[in-house]
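Have a look at the model first, then go through the points.

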Amino acid sequence: MRDILPPEAGRFEQLVAVFAEIVESAGYGRLNTPLIEDYGVFVRIGDATDVVSKEMYDFTDHGDRHVALRPEVTASACRAFAQHRPTPPWKVFYSGPNFRHEKAQRGRYRQFEQVGVEVLGVDDPLLDVEVIALAWEFYAALGLRQVDLIVNSLGEPADRARYVAALKEYFTAAGDALSAASRATLVTNPLRVLDSKRPEDQSLIAAAPSIADFYDEGASAHFAAVCAGLDAIGVPYRVEPKLVRGLDYYRRTIFEFQGGTFDSAQNALGGGGRYDGLVEDLGGPATPGVGFALGVDRTVLACDDEGVFAATPRQLDAFVVDVVDGTHALALTTELRRAGLAVDRAFDGRSMKAQMKLANRSNARHAVIVGPDEVATDTVQLKPLFGGDQRTVPRGEIAAQLRKSTSS
Ligand code: AMP
């Protein structure tokens, strides 16, 4: 887990604000769920997944309840839906931290932030298209260009079950040609063998059965409609029949956004899919669902790699330099801040030179300087810090002068 210092933490906030603007404009409302939930809520993600079996921060609280820090938000959103029964369609978005006990490295942390959406109560494949398009627009709004969209369908649960059985047979027949780690995965979660990045597994994976041969008519039609919808709105994508996602609850459409500047092991910027069935598992009525989660930490790294969406600290209007006793700076900063201006100052009775150094470093547009002469004449010196002449301004006009130069 890491500290995120200014101005980087502000950049995270700005990125979340860009996301919120896009999804709120499409009718999604913010959902806040607790960081801690009953352990059982997260087990629904799938007890054969690493997220649940190896990476959960779970503990017994003082009331003897088995609880966990959330590793993701979809299960919490479905729990909230089952509990509060809002009228569907329920279109929500969220942002916030998640916790997974992973091996930390660049782009992979034990506390990481996600933004995401969930929609409950709609079966229409055109909703899958809307959801995918929102994520696409978000990356575009940040200025990212090297983002690939990969889509697949896992079919209906029965299709998926037949496919999993076929995979099991195929990989079992391969025997020792499969890596030891993948042979272990094969026992618990055959689908995840397709996720193996080990070189010795790649040719076997390439020749493995394809999920596309197992769809029933409904699943085929749904997926075809999703692809046609993406074509219609000009969102480029690639169908990847071997794409599986880490969590167990997905059915039919799944998708992933991959960053072109990353190693393949860490290149997922975000992903999602349909999870018809999860609300029911959590005690609610049978309700279709679709959504995605995008990793904020990794998206920020992608922005660095592509040189876009730089951190922009708040531009200050003025930095007050008081070489009398500091009380004039107190009065001026208070007055100017109350007038809606962004203003900072120095403390500790520093010299004029030291205060001017801070003023320059603050990136403020102006220094407002008060010395004994200014106090005597009820004026201040207004010094533009990005070029221009210093001038004397009556004390009472300083707010208006600053506002004028800000808007010009
Ligand atoms: P998931 O919830 O596993 O589908 O992950 C969705 C996105 O969250 C991923 O594509 C990553 O961008 C991000 N993510 C997941 N786990 C981590 C992690 N441990 N550290 C940083 N980002 C993560």
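1. The ligand has 14 residues around it, and R100, E102, Y109, Q114 and R245 are the closest. A residue is near a molecule if one of its heavy atoms lies within 4 Å of it. Bear in mind that this is a predicted model, where local features need pLDDT of at least 70, side-chain atom pairs count only at pLDDT 80 or more, and totals for chains, interfaces and linings use all residues. Residues are numbered from 1 along each chain as its sequence is written, and side-chain values use heavy atoms, with hydrogens and water left out.

2. On polar contacts (pairs of N or O atoms within 3.5 Å): a ligand oxygen sits 2.8 Å from a side-chain N or O atom of R100. Backbone polar atoms also take part, with a ligand oxygen 3.1 Å from G270 and one 3.4 Å from G295.

3. The protein covers 93% of the 480 Å² of accessible area that the ligand has on its own (Shrake-Rupley method, 1.4 Å probe).

4. Which elements give two or more residues to the shell? They are β6 (111–120), β10 (268–274) and β11 (289–295), strands being DSSP runs of E, at least two residues, numbered from the N terminus. The largest share, three residues, is from β10.

5. L35 is partly exposed, at 37% relative accessible area (between 20% and 50%, 1.4 Å probe, protein chains only).

Conventions
Polar contact = N/O pair within 3.5 Å; in protein donor to acceptor, adjacent residues only side chain to side chain. Helix = DSSP H or I, 4+ residues; strand = E, 2+ residues; numbered from the N terminus.
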